Structures are given as C-alpha cells and as structure tokens.
Amino acid sequence: MAQFADLRHFIDTQDFTKEELLDLLELIRLMKEADKQGVTPKLLQDTSLAMIFEEPSTRTRISFEVAMTKLGGHALYLKPGEIHLGARESIDDTARVISRMVDVIMARTLKHETLLKLAEAASVPVINGLTDYNHPTQVVCDVFTMMEHMPAGRRLEDLHVTFIGDATNVLNSLMFICTQMGMHFTHAAPQKYQPPPAWQEIAAANCAQSGGSLTVTTDVQDAVRTADFIYTDLWWWVGQEEQIPERRAAFMPGYQVNMDLLKKAPQHCKFMHCLPASRGVEVTDEVMDSPRSIIYDQAENRLHVEKGILVWLVYPRLKRPSPALRAYHAGRIQAFVEGLGN
Ligand code: CP
C-alpha cells in the first residue's frame with residue numbers, strides 16, 4: 001500500500017501509478033464489503049472536510065458528506081457563492097486559511113486552473129470534485145463498478161469500454177484511467193466532438209506502458225460490437241445552451257444509446273452513465289431502466305469510492321495523541337474551567 005504521510009492531492013488519475021490505483025480500488029472493495037455488513041471503521045474521527053462547490057451537485061456533494069459522517073468526521077458544504085474564492089480574496093489566501101482549519105478539501109471548480117491553484121497553496125490534501133478538464137473520483141467509481149460487473153473469468157485488462165458522445169471531462173478521465181489500467185477503450189463521436197490531440201496523446205502513452213488500446217472513431221455501430229460496457233454522458237452542459245440545435249443535429253439519431261444500438265453489442269454488455277442524464281436525448285428510458293443498466297450501482301459506488309479516497313489520503317497523515325496525553329490536557333483544561341469565578 002502506498003504511504004501517503006506526505007501531502008498528496010487527488011487531482012488527476014495520471015498523478016498515480018497503476019499499482020497505486022489498484023491499491024485504492026482494493027481499499028474501496030474492503031470498505032464497501034464492511035459497509036454492507038453494517039461496519040464502517042471511524043478512521044477519520046474528529047476530522048473535517050471542506051466541500052467547495054462552484055456548480056451544483058447531487059452525487060458528489062451527498063457521497064462526500066455521507067462518507068465523512070460514516071468515517072466519524074464532519075463535512076462543511078460551501079455552496080456556489082458562499083466563500084471568497086478568487087473574488088475579494090486570492091485563491092492562495094483562501095487555500096491557506098481553509099488548510100489551517102480542516103484536514104482535507106474537496107472542490108468542484110468551473111476552471112481546472114482554479115483547482116490547481118487551490119492545491120498548490122493548500123497544506124492539506126485537495127480532491128478534485130470535477131472541473132472543466134476532468135472528473136477523477138467519478139472514473140475511479142466507474143472502474144470499480146466495472147470490476148463488480150466484469151464477465152466471469154475476465155481480467156480488467158481484457159475489458160472493452162466504449163464511450164459514445166461528446167468529449168466531456170468525464171470522457172477525458174475515463175479514457176485516461178481505462179488506458180492506464182491496460183483496458184481497451186473506444187470513443188465514438190462525430191469528428192468535431194472527438195477528444196483533442198493532447199488528450200489522445202496522453203491516452204496513447206498510457207497504452208504504450210499498459211498494453212491497453214485506444215480507438216477514436218465515428219463508426220458507432222462498429223464501436224459497440226465487442227463492448228463489455230457502453231457509457232455515455234450529456235451532449236451539452238450549462239453554458240452550452242446556444243449550441244443545443246447544432247449538437248442535437250450532430251449526435252441524433254446515430255449516437256443515441258437506444259435498444260437498437262445496445263442489441264448490436266454482446267449479450268452481456270452493460271450500460272453506464274455518470275448521471276445526471278437527459279432521458280430521451282443521449283439515452284432512452286428503455287436503456288436507462290433495462291436490466292443491462294448498472295447506473296444506480298454506479299451512483300451508489302460514489303459513496304464507497306469517496307470513503308476509500310478520503311481514508312487513503314487523510315488517514316496516514318493523522319497524528320493520534322496517546323491516551324495519557326489526552327488525559328493530561330483534558331485534566332488541565334477541566335481544572336482551569338472549574339476554577340473560573342472562584
Ligand atoms: N456524476 C456526478 O458528478 O454527479 P453530480 O454532478 O450530481 O455530483
């Protein structure tokens with residue numbers, strides 16, 4: 001197990017080796033197994049997490065807050081506009097101040113640069129809760145969910161993952177982690193919505209090291225032919241409303257995940273989506289609600305993954321005072337308080 005007593009942030013899976021990520025996935029597996037039997041060790045007792053959000057969230061917000069509570073700690077929800085972050089106070093100052101009060105920070109920022117600045121100035125671990133560049137906690141969850149639903153007798157390195165649709169921050173992260181792990185990753189999208197060369201170069205370098213493969217294609221029918229998992233994401237996001245007609249015309253109908261497309265994949269192929277989804281747009285209700293859909297397992301796993309990431313980054317850094325030292329200080333403070341007013 002990697003030792004993280006030194007400060008490590010969770011900004012990008014590319015910052016970790018395959019072995020480190022496999023350690024993390026095993027920790028998550030153990031924590032989920034324990035949780036299902038009603039056991040969550042209070043490994044982060046008396047610790048605090050600051051959750052900074054510049055955008056709304058359902059899964060990320062709830063999973064991190066519940067994870068901290070289950071681990072014996074506490075989470076502060078700092079909603080969009082609630083704290084100074086680059087306005088009225090520099091990002092550096094905000095990061096330094098928050099670091100003096102909490103043990104770990106999770107941030108969802110509009111710009112990736114904001115998160116990088118926050119991490120550079122922070123003296124506690126910073127976890128990326130999604131930026132315009134990537135979404136690493138989501139894709140650790142996705143690989144964990146794939147491991148749970150892997151066809152019998154297969155290894156991670158045998159899996160074929162096909163992502164259909166826009167080259168979003170989730171596509172970026174998923175392409176990176178799958179190629180890091182030695183999996184076979186295909187992205188099917190119209191040319192205009194394929195990942196930029198810089199992202200493809202990172203994934204190709206991962207493949208050269210891991211033995212995985214990367215295919216980027218416009219041929220969606222061919223892309224699903226050997227898929228073990230089909231994954232899609234929104235075709236447009238907040239701020240892209242003006243592009244809706246153009247994007248809809250580019251993706252519809254060929255890139256919509258519907259039953260006709262799913263039938264072209266092997267029988268065992270499962271459907272995944274990071275959610276939120278636009279039902280009837282990038283995916284039909286029939287697929288979302290079919291027995292081949294594992295979207296709610298995937299969503300639940302965010303909770304187990306956040307517990308694993310928090311313990312992985314924070315637990316080795318905690319300084320636990322001895323019972324004798326605790327008793328010494330408690331006694332002195334208690335004696336002082338009891339003497340007040342005498
Ligand atoms: N998948 C995901 O990050 O969901 P939220 O935006 O609800 O956090």
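A: Before we start, here's a term you'll need: a crossing of two helices is right-handed if the near helix is turned clockwise from the far one by less than a right angle. And keep in mind that this is a predicted model.

Q: Okay, how do I describe two packed helices in general?

A: You give the angle between their axes and the distance between the axes. Here, take helix 1 (residues 18-36) and helix 12 (residues 295-314): their axes come within 8 Å and cross at roughly 120°.

Q: What do I call the arrangement of helix 1 and helix 12 to each other?

A: Roughly perpendicular runs from 65 to 115 degrees and roughly antiparallel is over 145, so helix 1 and helix 12 are oblique to each other. As for handedness, their crossing is right-handed.

Q: Which residues make the contact?

A: From helix 1, look for Glu20, Leu24, Leu27, Ile28, Met31, Lys32, Asp35 and Lys36. Helix 12 brings in Glu300, Asn301, His304, Val305, Lys307, Gly308, Ile309, Val311 and Trp312. Sorted by class, that contact has eight nonpolar, three polar and six charged residues.

Q: Now for Arg302, which sits in helix 12. Does Arg302 count as buried or exposed?

A: Buried means under 20% relative accessible area. Arg302 has 1% relative accessibility, so it counts as buried.

Q: What does the side chain of Arg302 make a polar contact with?

A: One partner is the side chain of Gln138, at 2.9 Å. A polar contact of 3.3 Å also joins the side chains of Arg302 and Thr137. Leaving out residues up to four places away in sequence, Arg302 touches Arg59, Thr60, Ser63, His135, Thr137, Gln138 and Cys141.

Terms used. Residues are numbered from 1 along each chain as its sequence is written. This is a predicted model: local features need pLDDT of at least 70, side-chain atom pairs count only at pLDDT 80 or more; totals for chains, interfaces and linings use all residues. Side-chain values use heavy atoms; hydrogens and water are left out. Axes are lines fitted to C-alpha atoms, for helices over the stretch in contact, and angles run from 0 to 180 degrees between N-to-C directions. Helices (H or I, at least four residues) and strands (E, at least two) are DSSP runs, numbered from the N terminus. Angles under 35 degrees count as roughly parallel, over 145 as roughly antiparallel, 65 to 115 as roughly perpendicular and the rest as oblique. Contact means heavy atoms within 4.5 Å. Ala, Val, Leu, Ile, Met, Phe, Trp, Tyr, Cys and Pro count as nonpolar, Asp, Glu, Lys and Arg as charged, and the others, Gly among them, as polar. Buried means under 20% relative accessible area, exposed over 50%, partly exposed in between (1.4 Å probe, protein chains only). A polar contact is a pair of N or O atoms within 3.5 Å; within protein, one must be able to donate a hydrogen and the other to accept it, and residues adjacent in sequence count only if both atoms are side-chain atoms.
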